[in-house]
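Me: Please present the structure, and then let us examine its backbone geometry and the surroundings of selected loop residues.

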Amino acid sequence: MPSSPYTVSDVMTHTVVAVGRDAPFKDIVQLMDEWKVSALPVLEGEGRVVGVVSEADLLPKEEFRDSDPDRFTQRRRLDDLAKAGALCAGELMSAPAVTVHARAPLAEAARIMARRKVKRLPVINDEGLLEGVVSRSDLLKVFLRGEEDIADEVRREVVDRLFPAPLEPIGVRVHDGVVTLTGRIRDSSLVPVAARMVRAVEGVVDVECDLSTGSVWSDWQ
């Protein structure tokens, strides 16, 4: 399987707004509005990520502002009620923070976002210090790759490795992110392998394998 050259550090936003544990509620709301973000990393020390405060963490203050929840709601929404009375980031944040390493593949970041149902991830280095933030839209940037760039990687990482001696040259065409492979190969069992390897290339939307097997001489028999 080809290893993608793209990692989280390639697409993340390097300029990040963050807050400390003592950041007041109102300052957090103001920063989110000013920077047009839905969540902020919470840092301590030299920049270690200890949590994330999101819009969802702030909303209980408005939800329960003028209500007197019954006992059932109090038991069921204990965490939200605690956040309704919170005054600073350390009391509001979700911890530990869901993060991703700067060297992680984009697919890993996408899996974390899907599994944890978050839109943005703080990006950390080996020491756990904040390096940036990656969002869903950042991960989609790979689909803006040029078609010739994708074709070159498919030829280098898939065709040259999988078909070093084809019966006829393997053609690689890319249109709207869809890669089409054409040509004549010796082993039909390699077709699904080729399709899987091409799909692993960043920026590929789909793959069509128009690869045939057998010798050119056999067509004349």
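Reply: Helices (H or I, at least four residues) and strands (E, at least two) are DSSP runs, numbered from the N terminus. The model is predicted: local features require pLDDT of at least 70, side-chain atom pairs count only at pLDDT 80 or more, and totals for chains, interfaces and linings use all residues. Residues are numbered from 1 along each chain as its sequence is written, and side-chain values use heavy atoms, with hydrogens and water left out.

Me: What is the omega of the peptide bond from alanine 95 to proline 96?
Reply: Proline 96 sits in the loop between α6 (89–92) and β4 (100–101). The bond that joins alanine 95 to proline 96 is cis, its omega being near -5°.

Me: Is lysine 117 buried or exposed?
Reply: Lysine 117 is found in the loop between α7 (106–116) and β5 (120–124). Its phi is positive, near 55°, in a residue other than glycine. Buried means under 20% relative accessible area, exposed over 50%, and partly exposed in between (1.4 Å probe, protein chains only). With a relative accessible area of 71%, lysine 117 is exposed.

Me: What is the relative accessible area of aspartate 176?
Reply: The loop between β7 (168–175) and β8 (178–185) holds aspartate 176. Although aspartate 176 is not a glycine, its phi is positive, about 55°. Aspartate 176 is exposed, and its relative accessible area is 56%.

Me: How far apart in space are alanine 200 and valine 158, C-alpha to C-alpha?
Reply: Alanine 200 belongs to the loop between α10 (190–199) and β9 (206–213). Alanine 200 is partly exposed, at 29% relative accessibility. Alanine 200 and valine 158 are 42 residues apart in sequence, and their C-alpha to C-alpha distance is 9.9 Å.
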